[in-house]
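Open the structure in your viewer and keep the sequence beside it. The stops below say what to select and what is there.

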Amino acid sequence: MKNKERHVFLECTECRNRNYTTNKKPRADYKLEKSKYCRFCRKHTPHREKKL
Ligand SMILES: [Zn+2]
(Lines give C-alpha, C1' and ligand atoms only; values in the text may rest on other atoms or scores of the structure.)
Protein backbone atom coordinates (compact mmCIF):
# COMPACT_ATOMS: atom_id res chain seq x y z
CA MET A 1 0.00 0.00 0.00
CA LYS A 2 1.42 3.35 -1.04
CA ASN A 3 1.12 6.57 0.85
CA LYS A 4 -0.53 9.38 -1.00
CA GLU A 5 1.97 11.82 0.36
CA ARG A 6 5.58 11.49 1.34
CA HIS A 7 7.64 13.49 3.75
CA VAL A 8 10.50 15.65 2.59
CA PHE A 9 12.91 17.90 4.41
CA LEU A 10 13.26 21.55 3.66
CA GLU A 11 16.94 22.36 3.84
CA CYS A 12 18.38 25.85 4.21
CA THR A 13 20.40 26.62 1.09
CA GLU A 14 22.88 28.72 3.08
CA CYS A 15 23.75 26.69 6.17
CA ARG A 16 22.41 23.31 4.99
CA ASN A 17 20.43 22.70 8.15
CA ARG A 18 17.21 20.81 7.74
CA ASN A 19 14.79 23.09 9.48
CA TYR A 20 11.41 21.88 8.30
CA THR A 21 9.57 18.84 7.13
CA THR A 22 6.64 18.94 4.78
CA ASN A 23 4.45 16.64 2.74
CA LYS A 24 4.72 16.32 -0.99
CA LYS A 25 2.47 14.48 -3.36
CA PRO A 26 4.31 11.64 -5.07
CA ARG A 27 3.40 12.73 -8.57
CA ALA A 28 4.84 16.17 -8.14
CA ASP A 29 8.07 16.23 -10.10
CA TYR A 30 9.01 19.81 -9.38
CA LYS A 31 11.46 20.68 -6.65
CA LEU A 32 9.97 22.51 -3.74
CA GLU A 33 11.66 25.74 -2.83
CA LYS A 34 10.27 28.04 -0.19
CA SER A 35 11.43 31.05 1.67
CA LYS A 36 11.47 30.10 5.35
CA TYR A 37 12.92 31.47 8.52
CA CYS A 38 16.17 29.76 9.43
CA ARG A 39 17.05 30.00 13.11
CA PHE A 40 20.69 29.24 12.39
CA CYS A 41 21.07 32.01 9.83
CA ARG A 42 18.59 34.10 11.83
CA LYS A 43 16.85 35.31 8.71
CA HIS A 44 14.66 34.12 5.88
CA THR A 45 16.51 32.03 3.36
CA PRO A 46 15.44 29.82 0.45
CA HIS A 47 14.78 26.28 1.63
CA ARG A 48 14.98 23.44 -0.85
CA GLU A 49 13.50 20.00 -0.54
CA LYS A 50 15.56 16.97 0.38
CA LYS A 51 14.31 13.43 0.64
CA LEU A 52 14.12 11.80 4.02
ZN1 LIG B 1 20.31 28.56 7.43
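Where is Arg16 found? Select it: Arg16 is in the loop between strand 1 and strand 2. Strands here are DSSP runs (E, at least two residues), numbered from the N terminus, and helices are DSSP runs too (H or I, at least four residues).

Before moving on, two notes on the model. It is a predicted model, in which local features need pLDDT of at least 70, side-chain atom pairs count only at pLDDT 80 or more, and totals for chains, interfaces and linings use all residues. Residues are numbered from 1 along each chain as its sequence is written.

**The whole chain**

Zoom out. The protein chain has zero helices and four strands, in the order β-β-β-β along the sequence. Its C-alpha trace spans about 40 × 15 × 15 Å along the principal axes. Of its 52 residues, 12% count as buried. A residue is buried if 20 or more other C-beta atoms lie within 10 Å of its own, exposed if 12 or fewer, and partly exposed in between, with C-beta atoms placed from the backbone.

**Strands 1 and 2**

Select residues 6-12, which are strand 1, and residues 18-24, which are strand 2. The two strands run antiparallel and are joined by six bridges; strands pair if DSSP finds at least two bridges between them. Strand 1 and strand 2 form a hairpin with five residues between them.

Return to Arg16, in the turn of this hairpin. Its phi is positive, near 70°, and it is not a glycine. Most residues other than glycine have a negative phi. Arg16 counts as exposed because it has 10 C-beta neighbours inside 10 Å.

Next select Arg42, in the loop between strand 3 (33-38) and strand 4. Arg42 also is not a glycine and has a positive phi, about 60°. Is Arg42 buried or exposed? It counts as exposed, because 8 C-beta neighbours lie inside 10 Å.

**His47**

Finally, select His47 in strand 4 (residues 43-51). His47 is buried because 24 other C-beta atoms lie within 10 Å. Leaving aside neighbours within four places in sequence, its contacts include Leu10, Cys12, Tyr20 and Lys34; two residues are in contact if their C-beta atoms, placed from the backbone, lie within 7 Å. For a distance to check, His47 and Arg27 are 20 Å apart, C-alpha to C-alpha, and 20 residues apart in sequence.
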